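Please read these notes with the structure open beside them. The points are numbered so that each can be checked in turn.

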Protein chains: 2
Amino acid sequence: MPSAAAEPLTPERILETTEEVLRRFGPTKATVVDVARALGVSHGSVYRHFPSKAALREAVTDRWLAKSVVMLEGIASAPGEAAPSKLESWLEALFEAKRHKAGDDPELFATYTVLLAENSGVVDTHLTELIDQLTRIIAEGVAAGTLAAPDVPAAARAVFDATGRFHDPQYVAEWFSPTITTEFEAVVALVIRGLRA
Amino acid sequence: MPSAAAEPLTPERILETTEEVLRRFGPTKATVVDVARALGVSHGSVYRHFPSKAALREAVTDRWLAKSVVMLEGIASAPGEAAPSKLESWLEALFEAKRHKAGDDPELFATYTVLLAENSGVVDTHLTELIDQLTRIIAEGVAAGTLAAPDVPAAARAVFDATGRFHDPQYVAEWFSPTITTEFEAVVALVIRGLRA
DNA sequence: CGGCTGACAGATATTGAAATCTGTCAGCCG
DNA sequence: CGGCTGACAGATTTCAATATCTGTCAGCCG
């Protein structure tokens, strides 16, 4: 057994190491035993902090998704930008973030795509958070008289659904087509026009 | 060998039998040998009409997709319906057709979903045909002054992309959620509002 | 005492040998 | 003669034996 590190074994440290192991071995080969080995502990110790491999992977997934939510929250709650323009910025930031992640490290992105498919509950929560941000932006626009929507949450959901091709990881392959930007802009323009007062 | 049928071996007959074999065995188990056996010929004879298994499966896929195109063409080219309403009818028919196919025989639908993933070229052609129909509907509306779009083909493409969740087979699982109809209507309303003159 | 270990049972994944399939073609049969 | 057959080589799939992994827990060690 490798010389024990003095650091205590915390959920946080396990999560970091799990990310690292997933990055190195991919979603199918990464095992709890690998994580334990990388931490220099027995795999039984990992089970002291997470009840199952599934729970561990779920926690990693949640952590990863949380980063985008925070970034987008910055745009959603920034004062001073009018709602229509803010809506466009938000959608562009969402697409740009996804595309960047996928382009920078395709293998890691593929790994997380697998994790996402495994953890539909976590994904649902995440999507709800994003749609909440959209709801707030649209509500702002309705209050200011620049946007119109009979049912604001439904409109937010519709905007999210309509732009799915540009944020749903199932479409990664299309995000690097030469025409994708034009297509994205056309959908965003259509959607914003549909929402204008 | 089974008693030879008098009927000549035609590409058409091979295609029908291939569909039948795919229906019975599914996309992973169906083999060229199975098709030949069902036809009462040797598998070498099948290769006389189709150069490869891939070409055979591609032809079956093409045939299947062609059916929807014909049905939707009926709506697209029907006279007497104003463009905004026709656009809505067309999108509803597309969604309804897909949902029906998927609900009636989920296994067969899953089989064709695999075939679709294998034959992206055929799918691309099919999508182009559908977007052409949309282009014609929108052009009609622009000519009549009921719709507005600076670039009609781009708008057609945007409408198709925006409604992807309701026709892309990757989303089958969601087509039977209790809220899907509401969500579909919200997206269609948003899109049509975005196109109105 | 309390966190950690490591052996264990059952579940899952890997491996390599055997079976089947794809695609070709020389020759048969009507 | 011309469409069809069936044997064949190489590629792919299947299957069962083997190895590894997951999750538990009695007991060790600091």
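Predicted model: local features only at pLDDT ≥ 70, side-chain atom pairs only at ≥ 80, totals over all residues.

1. Negative patch. Two helices of chain A, α4 (53–76) and α7 (120–144), each contribute at least two residues to the negative patch. The class "partly exposed" covers what lies between buried, under 20%, and exposed, over 50%.

2. Outline of chain A. Chain A has 9 helices and 0 strands. Read from the N terminus, its elements are α-α-α-α-α-α-α-α-α. The C-alpha trace of chain A spans about 65 × 35 × 25 Å along its principal axes. Chain A has 197 residues, and 44% of them count as buried.

3. A histidine in α3. Which helix of chain A holds A:His49? A:His49 belongs to helix α3, residues 43–49. With a relative accessible area of 29%, A:His49 is partly exposed. A:His49 and A:Ile14 are 35 residues apart along the chain, and their C-alpha atoms are separated by 8.5 Å.

4. Over all chains, a search of the whole structure finds 15 aromatic pairs. In one of them, the ring centres of A:Trp64 and A:Tyr112 are 4.2 Å apart and the ring planes are at 5 degrees, so this pair is stacked. The pair links distant parts of the chain, with A:Trp64 in helix α4 of chain A and A:Tyr112 in helix α6 (residues 106–118) of chain A, 48 residues apart. Are these two residues, A:Trp64 and A:Tyr112, buried or exposed? A:Trp64 is buried, and A:Tyr112 is buried too.

5. An edge-to-face pair. B:Phe95 and B:Phe166 make an aromatic pair of the edge-to-face kind, with 5.5 Å from centre to centre and 70 degrees between the planes. B:Phe95 is in helix α5 (residues 83–104) of chain B, while B:Phe166 is in the loop between α8 (152–162) and α9 (180–195) of chain B, so the pair ties together parts that are 71 residues apart in sequence. B:Phe95 has a relative accessibility of 4% and therefore counts as buried. B:Phe166 is buried as well, at a relative accessible area of 1%.

6. An aromatic cluster. Ring pairs in chain A join into a cluster that links A:Trp64, A:Phe95, A:Phe109, A:Tyr112, A:Phe166, A:Trp175 and A:Phe184. Among these are A:Trp64 and A:Tyr112, the stacked pair of point 4.

7. A salt bridge between chains. The whole structure holds 27 salt bridges, counted over all chains. One of them joins the side chains of A:Asp161 and B:Arg165, at 3.3 Å from N to O. This pair crosses between chains: A:Asp161 is in helix α8 (residues 152–162) of chain A, and B:Arg165 is in the loop between α8 and α9 of chain B. Both A:Asp161 and B:Arg165 are buried.

8. A salt bridge along one helix. In chain B, the side chains of B:Arg99 and B:Glu96 also meet in a salt bridge, at 3.5 Å from N to O. The two residues are 3 residues apart in helix α5 of chain B, so about one helical turn separates B:Arg99 from B:Glu96. Which of the two is buried, and which partly exposed? B:Arg99 is buried because its relative accessible area is 19%, under the 20% cut-off. B:Glu96 is partly exposed, with a relative accessible area of 38%.

9. B:Glu183 forms a salt bridge with B:Arg165, and their closest N and O atoms are 2.3 Å apart. B:Glu183 lies in helix α9 of chain B and B:Arg165 in the loop between α8 and α9 of chain B, so the pair ties together parts that are 18 residues apart in sequence. B:Glu183 is buried, as is B:Arg165. A network of salt bridges links A:Arg157, A:Asp161, B:Arg165, B:Glu174 and B:Glu183.

Conventions: Residues numbered from 1 in each chain as written. Chains lettered and ligands numbered in written order. Heavy atoms only, no water. Helix = DSSP H or I, 4+ residues; strand = E, 2+ residues; numbered from the N terminus. Phe/Tyr/Trp six-rings, centres within 6.5 Å; stacked < 30°, edge-to-face > 60°. Buried < 20%, exposed > 50% of the residue type's maximum accessible area, 1.4 Å probe, protein only. Salt bridge = Lys/Arg side-chain N within 4 Å of Asp/Glu carboxyl O.
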